[in-house]
Amino acid sequence: MSFPEGFLWGGATSACQLEGAFDKGGRGLATTDMVIYTPKNERLDKGIEITEEQLQYRKLHPDEFFFPKRHGNDFYHHYKEDITLFAEMGFKVFRMSISWPRIYPNGIDDKPNEEGLKFYDDVFNELKKYGIEPLVTLLHYDIPLYLCEHYNGFESRKTVDCFVKYCKTVFERYKHVVKYWLTFNEINITLGSPYCGCGALMEKSKRDEKNFKYQLTHNQFVASALAVKAAHDINPDMKVGCMICRLEKYPYSPDPKDIYQTMFEDHLNYFYIDVQVKGEYPYYMKRLFEENNIHIDMEEGDLDIIKDGVVDFISISYYMTYVCKYNPKVDLINAGSLIAPIKNPYLKNTDWGWPIDPIGFRTTLNNLYDRYHKPIFIAENGIGCNDVVDEDGYIHDPYRVEFYRAHIEQLHEAIKDGVDVFGYAMWGPIDIVSNSTSEMSKRYGFIYVDADDYGNGSYKRMRKDSFYWYKKVCESNGEDLS
Ligand code: BG6
């Protein structure tokens, strides 16, 4: 049994890690533009989260810092060359995001920025030339900074309104060229990283941490549902999906307490898909909200909006699995952590400590399909590596091929099991800035970009060995993994 005909092979990126040109074409500042690069040994592990004080200081003294996401890999000026390389690999799909502040520089502007819209016209035209289907994420972390500073991001309904206005603008503009859309990238990142996911700072909120984070989540659900509804109204053929960082949970042992913990933590990960697919808050959140004193401020009609705005498909990022050991201290905030805290002795880790679990990929897909019976798109799967240019001038990366071969084999097994998967976009087909560490040296690509963590380099593109391997995979529709 082969991969389905027309299976969408390709790669995934986000504007804030890829585009650069933060001050070109009328683009406004994004929240991600304020995140700096810090070398590993100096990192205080706050990563992508920043404080109000840091934000203000960085605004006043930008010359003291390097902000990698302002520069990405400069796709803005290289998109033609990059898309040619994707086409050479045989891509059928390119997952990208639109930078909201390129369209509405401050979020609240009355009119969209024509230069920003034109940039994406050009990118979509270029993709079309090669028959590559664009799959567009509406929001992948780069919220207009103005909305963060004036409304505390998605804590305010004003930001929801601005988001929906932005969505309608791009749906109208691209309704004939983009069929597949995702609303929020990894919507569940908000629990751990509210600045990254929602452009919101805890210290600016009047709520306690739990109320703050679940209010943000609710506002995202409403925003997402309104976007889905708008897309369907504008063009009923457009398909809109949700996107979560799916973490399959394994019990630490057969101890019933560990099994319970696994279910508890699993619920808190599935929660995001439950709401967006079933159109209502799941039964298990009621007690959790009550016992944790969480009172979500809902506007009249919110629950109907959520009901009316269910997604057409599910998409996930799959990087790792997670071990759960009974721990009553794990509450409904830290159970949502996206980093596996307990080491699984059966798995090896990447150089960045992420467990590698190809079989878990098959399990994940079966469980998702079993639970929802909705088509699934793999929006991300990948490995960050320390690649070097060899003395012979090439980049030899057999470790990357090994990772993808193992995962694609298991994806194939899942499809043979009967799971409806319609596409696979590996993460970062070309080297881009890492989200969590802002490093350029955490490389995911089949295409190498000559730039370092401080943005030095020629930005020249080079094919790695894995480029030729993935080309065979795409061209053979997954038959040839040798
Ligand atoms: C996902 C994000 O969490 O993982 C991407 O959607 C991110 O934006 C990817 O880049 C890999 O993570 P990182 O931190 O290695 O870049």
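Does Asn 188 count as buried or as exposed, and at what relative accessibility?

View 1. At 2% relative accessibility, Asn 188 counts as buried (buried means under 20% relative accessible area, exposed over 50% and partly exposed in between, with a 1.4 Å probe and protein chains only). Asn 188 sits in the loop that links strand E4 (180–184) to helix H8 (194–198); helices (H or I, at least four residues) and strands (E, at least two) are DSSP runs, numbered from the N terminus. A polar atom of the Asn 188 side chain lies 2.9 Å from the backbone oxygen of Cys 245. That is a polar contact: a pair of N or O atoms within 3.5 Å, where within protein one must be able to donate a hydrogen and the other to accept it, and residues adjacent in sequence count only if both atoms are side-chain atoms.

A word on the model: it is predicted, with local features needing pLDDT of at least 70 and side-chain atom pairs pLDDT 80 or more, while totals for chains, interfaces and linings use all residues. Residues are numbered from 1 along each chain as its sequence is written, and side-chain values use heavy atoms, leaving out hydrogens and water.

View 2. Polar side-chain atoms of Tyr 444 and Glu 380 each lie by an oxygen atom of the ligand, at 2.5 Å for Tyr 444 and 2.7 Å for Glu 380. For Tyr 319, the distance from a side-chain N or O atom to a ligand oxygen is 3.4 Å.

**View 3. The largest nonpolar core.** This core holds 144 residues, and Phe 154, Phe 163, Trp 181, Tyr 214, Tyr 424 and Tyr 470 have the most contacts inside it. A nonpolar core is a set of buried Ala, Val, Leu, Ile, Met, Phe, Trp, Tyr and Cys residues joined through side-chain atoms within 4.5 Å. Helix H9 (residues 209–234) gives the most to this core, with ten residues.

**View 4. Two positive phi angles.** Neither residue here is a glycine, yet His 373 has a positive phi of about 50° and Tyr 459 one of about 60°. His 373 lies between helix H13 (358–372) and strand E9 (376–380), in a loop, and counts as exposed at 54% relative accessibility. Tyr 459 belongs to the loop between strand E11 (447–449) and strand E12 (461–463); with a relative accessible area of 14%, Tyr 459 is buried.
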